[in-house]
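Trainee: Please take one part of this model and walk me through it closely. I am new to it.

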Amino acid sequence: MGISPEMRDSWANRRESLLIASAFEEDRIRKSRECTQEGVRAGTKAAAVACVASAIPTLVAVRTIPWAKANLNYTAQALIISAASIAAYFITADKTILECARRNTHYDKSA
C-alpha cells in the first residue's frame, strides 16, 4: 500500500525537466505571476472596503430594527458581512487579473 519510492522520487523531481524555457516564456511566466499578485492586492483592498461597508449597516440594523434584532443572530450577521467581503474579493481579483492579462497580450498586427 502507498506510493512506491520510485514514483515518489519521480514526482518530487518533476520540476527538474529536460526542457529549458526560452526568455520569452520566462517573461510570460513572470508577467503572469505579477498579474496574479496584482489581482490579490486589489481583491484584498476591495474585500476590506466591502467588510466595513457591509458591517456598519448590518450592526446598526440589528440594534435598531425590531425584526433584525429578533431574527439575525451572530452567525447571520457574520454571514452577511463575510458574503459581501468574499464576493468583492473574487470579483475584483478576477477583473484585475483579466485586465492585466489583456494589457500583456501581444497580438500580431501585421495580419
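Mentor: Start with residues 46-68. Their end C-alpha atoms lie 26 Å apart, and the span is 96% helix and 0% strand. Helices here are DSSP runs of H or I with at least four residues, strands are runs of E with at least two, and both are numbered from the N terminus. The unreviewed UniProt entry lists residues 46-68 and 74-93 as "transmembrane region"; such annotations may be inferred rather than shown by experiment.

This is a predicted model, where local features need pLDDT of at least 70, side-chain atom pairs count only at pLDDT 80 or more, and totals for chains, interfaces and linings use all residues. Residues are numbered from 1 along each chain as its sequence is written, and side-chain values use heavy atoms, with hydrogens and water left out.

Now helix H2. Its 42 residues should span 62 Å at 1.5 Å a residue, and its end C-alpha atoms are 62 Å apart, so the two agree. The expected span is 1.5 Å times one less than the number of residues. Among the buried residues of H2 are Cys-35, Gly-39, Gly-43, Ala-46, Ala-47 and Ala-50. Buried means under 20% relative accessible area with a 1.4 Å probe, protein chains only. The buried residues of H2 pack against helix H3 (66-71) and H4. Contact means heavy atoms within 4.5 Å.

Helix H4 covers residues 74-104. Its buried residues include Ala-76, Ile-81, Ser-85 and Ala-88. Helix H2 (23-64) is part of what covers the buried residues of H4.

Terms used. Buried < 20%, exposed > 50% of the residue type's maximum accessible area, 1.4 Å probe, protein only.
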